[in-house]
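Hi everyone, thanks for coming. I'd like to walk you through one structure today, and I'll start with a term we'll need along the way.

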Amino acid sequence: MALLPILCYPDPRLHTVAKPVAQVDARIQSLVADMLQTMYEAQGIGLAATQVDVHERLIVIDVSEDRDSPMVLINPRVLWVSEQTHVNEEGCLSVPGIYDSVVRHDAIRIEAMDEKGQRREVQAQGLLAVCIQHEMDHLLGKVFVEYLSPLKRNRIKTKLVKAKREERA
Ligand code: NI
């Protein structure tokens, strides 16, 4: 297993649209293991392959308090979303230190494959539903700050570019 570098907004690679995983093989299983390790190390609740510069439809999530319930979603597809929506405070490992409000569906049902290539359906609500929607956006090249006003987004961009520059200095 290895820790993978996480792309940081406004890195243009975060806007790449991911392709479907062609085959759940040893390469994908190794990527899943690395992504889980990277997510736990960064204390995140979700990580999309896009964020580690791999542009295939793969997500890892763990919203459990004990950090012992990993969920792997390969080629996830939305089957249903609730009409009811909710405003949630969101953050992202690719947008460090920034939290803001995003509207999401309360509940969602998806189908995906797990790391063994088994098809599964997941019905989610609450934090898990929010997390799945956030991570699936990453696979479409969308970062949560794109739901915010252009003014807010530009402030975030400036702040993160400056932080990166200071980090390098
Ligand atoms: Ni994110």
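When I call a residue buried, I mean under 20% relative accessible area; over 50% is exposed, and anything in between is partly exposed. Please keep in mind that this is a predicted model.

M35 sits in helix α1. Is M35 buried or exposed? Its relative accessibility is 0%, so M35 counts as buried. What surrounds it? Setting aside neighbours within four places in sequence, M35 is in contact with L4, L47, A48, A49, V52, L58 and V60. For a sense of scale, take M35 and Q125: 90 residues separate them in sequence, and their C-alpha atoms are 23 Å apart.

Helix α1, which spans residues 26-41, also holds T38. T38 is buried too, at 3% relative accessibility. Not counting residues up to four places away in sequence, T38 touches A2, L3, L4, I6 and L47.

As a general reminder, in soluble globular proteins nonpolar side chains tend to be buried together. Here the largest nonpolar core has 17 residues, and I61, L73, V122 and I132 have the most contacts inside it. Which elements build this core? At least two residues each come from β2 (58-61), β3 (71-81), β6 (107-113), β7 (119-125) and α2. Of these, α2 gives the largest share, six residues. Looking at I132, and leaving out neighbours within four places in sequence, we find contacts with I61, L73, I108, I110, V122 and A124. There is also a second, separate core of 15 residues, and our friend M35 is in it, along with I28, L47 and I74 among others.

On to the metal site. Which protein atoms are donors of the nickel ion? They are SG of C92, NE2 of H134 and NE2 of H138, at 2.1 to 2.2 Å from the ion. Along the chain, the donors follow the spacing C-x41-H-x3-H. C92 lies in the loop between β4 (85-90) and β5 (100-105), while H138 belongs to helix α2 (residues 126-139), so this pair ties together parts that are 46 residues apart in sequence. Both ends are buried: C92 has 11% relative accessibility, and H138 has 0%.

While we're on cysteines, how many disulfides are there? The count is zero. Take C8, which is buried at 18% relative accessible area. The closest cysteine sulfur to that of C8 is in C92, and at 8.9 Å it is too far for a bond.

For those of you who like checking the backbone, there are a few spots to look at. Most residues other than glycine have a negative phi, and most peptide bonds are trans. The bond from Y9 to P10, however, is cis, with omega near 5°, and P10 lies in the segment before α1. D53 has a positive phi, near 65°. That residue is in the loop between β1 (46-48) and β2, and is partly exposed at 33% relative accessible area. N75 also has a positive phi, near 50°. N75 is part of strand β3 and, at 22% relative accessibility, counts as partly exposed.

Last stop, the rings. The count of aromatic pairs is zero. There is a charge over a ring, though: K142 lies over the face of Y147, 4.1 Å from the ring centre.

That's my tour, and I'm happy to take questions.

Key:
Residues are numbered from 1 along each chain as its sequence is written. This is a predicted model: local features need pLDDT of at least 70, side-chain atom pairs count only at pLDDT 80 or more; totals for chains, interfaces and linings use all residues. Side-chain values use heavy atoms; hydrogens and water are left out. Rings of Phe, Tyr and Trp (its six-membered ring) pair if their centres lie within 6.5 Å; planes under 30 degrees apart count as stacked, over 60 as edge-to-face and the rest as tilted. A charge sits over a ring if NZ of Lys or CZ of Arg is within 6 Å of the ring centre and within 35 degrees of the ring normal. Donors are N, O and S atoms within 2.8 Å of the metal (3.2 Å for Na, K and Ca); water is not among the atoms, so sites may look incomplete. Helices (H or I, at least four residues) and strands (E, at least two) are DSSP runs, numbered from the N terminus. Buried means under 20% relative accessible area, exposed over 50%, partly exposed in between (1.4 Å probe, protein chains only). Contact means heavy atoms within 4.5 Å. A nonpolar core is a set of buried Ala, Val, Leu, Ile, Met, Phe, Trp, Tyr and Cys residues joined through side-chain atoms within 4.5 Å. A disulfide is a pair of cysteine sulfur atoms within 2.5 Å.
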